[in-house]
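Here is a short report for a reader meeting this structure for the first time. Look at the chain, then read on.

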Amino acid sequence: MSALANNDAKETTTSASLAKPPLLSVEDAKALDVGRMADLFKEHINPGQFHFMKLLGFHKVKIERAEGMYYTDQNGRKILDFFGGFGSLAFGHNHPRILEVRRKFQEEKRHEIGIAFMSQYATALAKNLAACSPGDLDMVFFGSSGSEAMEAAVKLAERAAGPKKPKIVYAENSFHGKTKGVLAVTDGKLYRGEFLLTGNTLRVPFGDIDAVENAFRSDPQIGAIVLETVQGGGGIIEADPSYWPKLRRLCDHYGVLWVADEVQCGYGRTGRFYAFEHYGVVPDITALAKSLGAGKAAIGAMIARRDVYMKAYGTPKTAMIHAMATFGGIGEACVTAIEGLNVLYDERLMENAADTGAYLLKRLDELKEKYPRIIKEVRGRGCMVGLEFHDFSQTLPAVVRPMVAMLDEKLKGSLSGFVGALLLRDHNVLVAFTEYNRNVIRLEPPLIVQREHVDAFITALDTLLSRGVVAIVKDFVKSQMG
Ligand SMILES: Cc1ncc(COP(=O)(O)O)c(C=O)c1O
């Protein structure tokens, strides 16, 4: 082949590979119907997950709009959101002040990337977070998720504790994220899989202060303890209030750093900015994400005591060890979060979370009295509530049990899946499930929730539960057969 022909061939190959593939446009994306979305989800995202979406009835829903407490689907049906993105939607969907600040930011063609020039938005947000945080929790690292914030927290703790204290204590039923580092302190068998995790960890029961003291006393290599203040993934579990001051004292005594994961329970959800503020104590390092992005931006933050931060990264030589990644402190996410913090206080949403949350708990307690054989426990604080059903795996009538087992091993006997699916199908209400405890429904409505929303939710749940467990299960099974 001549040199010329060779070049021609190269050019043809190059231009062919640069031809625009059959890309969908934004308008095409908006116009996808549920069937096509399902196909694409199975082909390109997660076919196994689609199985669960089908069980819960999500495969028939296309969301066209979301505003305040509601989603609106393709048929104009309004769905009340008591799931709240596992605590990601403090302001509900598309809060007008959040939309406005983002619109303005775009119109003014503001800059985004904050890793070359200093960012006025990242610095202002860091200042705001320090102002919202008690004690000397003053130093802030920005990432794009809760996992990234927790990675930063665990790395900071390890460096500040020093090489002689490399061990980290974590709790049973904890959830701190699925990235490789924090997986070592996340207690979910499912998530941990067969991954090779760092071996410097020690697990203790959550809320057991004696177990913590025993661990600290017997192992001087322990340098940090990582705990959610309220366990979310574990099914909304709180420790006894006396636990936290004792923990603080033990940490001080044994020179152990306390990392408080507030990714789900923080940001006003329990009625205080941080859940640990209910107990009058301050951790050494904490983390926020979810609602920090006001339902519009992917942003997480680690907030640390200044002396701890300086110990780890306080010199020019150490400063870049864990400096921000590409999207850390990105402009529009920061202005979104700045406005969010202002809205949180201006609209007194923490007070509302405490008041309306207490009302929700009261109304759920009434339902528990009414259905003592169905509801086992109602628990939580503010807008972070767990509703636990009795385990029916052994008590369902023999005729129903095999039908249920056939549908899905995981939902067997777990009423929460059936209740959740029927709440969505028949009552237009969305609730959340709990991976570690399939009998628990998690209720984490936006902090803008009002009593009328609680009443609507309670009426829906009451109507459903009044049908009785067997009818609920049979209906669910029938819906899956059809
Ligand atoms: C307590 C807690 N920590 C960390 C994470 C991880 O956050 P993300 O999913 O944003 O990575 C979560 C997420 O559910 C969480 O609930």
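## Basis

This is a predicted model, in which local features need pLDDT of at least 70, side-chain atom pairs count only at pLDDT 80 or more, and totals for chains, interfaces and linings use all residues. Residues are numbered from 1 along each chain as its sequence is written.

Domain 1 gives 28 residues to the contact and domain 2 gives 27 residues. Two residues are in contact if their C-beta atoms, placed from the backbone, lie within 7 Å. On the side of domain 1 that touches domain 2, the elements giving two or more residues are α5 (84-87), α15 (349-370), β13 (375-381), β14 (384-389) and β17 (440-443). Helices (H or I, at least four residues) and strands (E, at least two) are DSSP runs, numbered from the N terminus.

Helix α15 gives the most to this side, with 5 residues. By class, this side of domain 1 has 14 nonpolar, 9 polar and 5 charged residues. Ala, Val, Leu, Ile, Met, Phe, Trp, Tyr, Cys and Pro count as nonpolar; Asp, Glu, Lys and Arg count as charged; the others, Gly among them, count as polar.

## The sheet of 4 strands

An open sheet of 4 strands runs in the order β13-β14-β17-β16, with antiparallel pairing. Two strands pair if DSSP finds at least two bridges between them. The edge strands are β13 and β16 (432-433). Strands β16 and β17 are joined by 2 bridges. Ala 432 stands opposite Arg 442 in β17.

Helix α15 lies across β13, β14 and β17, at about 170° to β13. Axes are lines fitted to C-alpha atoms, for helices over the stretch in contact, and angles run from 0 to 180 degrees between N-to-C directions. Helix α17 (residues 415-427) also packs on the sheet, touching β14, β16 and β17. The direction of α17 makes about 45° with that of β17.

## The sheet of 7 strands

Another open sheet has 7 strands in the order β4-β12-β11-β10-β7-β5-β6, with mixed pairing. Its edge strands are β4 (137-143) and β6 (201-204). Neighbouring strands are turned by 20° against each other on average, direction ignored.

Strands β4 and β12 (residues 300-305) run antiparallel, joined by 6 bridges. Gly 143 stands opposite Gly 300 in β12. Helix α11 (residues 209-218) packs on this sheet, touching β5 (167-171), β6 and β7 (222-228).
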